Amino acid sequence: MTFIETIKVKEGRFFDLEYHRRRMERTARRFFGTVPELPLALRPPDGGLYKYRVEYGETIVKTSLSRYRFRPVNSLRLVDGTGTDYRFKSTDRGGLDRLFGLRDGCDDVLIVSDGRLTDTSFSNVVLYDGREYYTPARPLLRGTKRERLLAEGKIREAEIRATDLPAFERLFLINAMIDLEDGIGVPVSSIR
């Protein structure tokens, strides 16, 4: 089994390294008992936005750096993902890919587990009610951006049921590459 860290590189700078190192350490210790060194010897480009992907097992398997472009998401379909387990960011995305296949003309899926909101196929979610920002208390993956925003007090965890969606105005997508400030998301009224 192999795992992944996807690290944002912008204007020649790595982002949220502390959170990536912590997650990588937790995962590697659990599965391998040892932690490979996060390889950061590469000199990132000075301009633009890049995705630095580190694939690892007991050791580093491979790394890659590629220019990043936001994937447009204008519509989400609610799908039942009860039983889907993606607690560790691995290369095995079979369960997520199966759910993504249920999007039925939408750009992505909003996964519900036991009636509660979790994530999309590639991001954590943050919901805005007009005053505060909330993230589901039981995500499929505890993403690095989510963890940082919680630590900074910018978002709060809450049990959010699919039936609670009308109480919110907008749903934002966040992941290692997408910040809350990027405003990537959809009006809640457009979720089907």
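**How the labels are reached**

Author: In this predicted model, Asp108, Leu110 and Val112 point one way from β6, whereas Val109, Ile111 and Ser113 point the other way, and all of them are buried.

Reader: What makes strand β6 largely enclosed by the rest of the structure?
Author: A residue is called buried when its relative accessible area is under 20%. Six of the six residues of β6 (residues 108–113) are buried, and therefore the strand is described as largely enclosed by the rest of the structure.

Reader: How do you know that β5 and β6 pair?
Author: Pairing requires at least two bridges between two strands. Strand β5 (residues 76–80) and β6 share five bridges in the parallel sense, so they count as paired; one of the bridges has leucine 76 with aspartate 108 as its partner. The chain passes from β5 through helix α2 (residues 94–100) to β6, in a β-α-β crossover that is right-handed.

Reader: What makes β6 and β7 a pair?
Author: Three bridges join β6 to strand β7 (residues 116–120), and the two run antiparallel; because at least two bridges are required, they count as paired. Valine 112 has leucine 117 in β7 as its bridge partner.

Reader: Why are β2 and β4 said to stand at the edges?
Author: The open sheet has the order β2-β1-β3-β4, with antiparallel pairing. Both β2 (13–14) and β4 (60–67) have a single partner strand, so one side of each is left without a neighbour in the sheet.

Terms used
Residues numbered from 1 in each chain as written. Predicted model: local features only at pLDDT ≥ 70, side-chain atom pairs only at ≥ 80, totals over all residues. Heavy atoms only, no water. Helix = DSSP H or I, 4+ residues; strand = E, 2+ residues; numbered from the N terminus. Buried < 20%, exposed > 50% of the residue type's maximum accessible area, 1.4 Å probe, protein only. Right-handed = clockwise from strand over helix to strand, strands pointing away.
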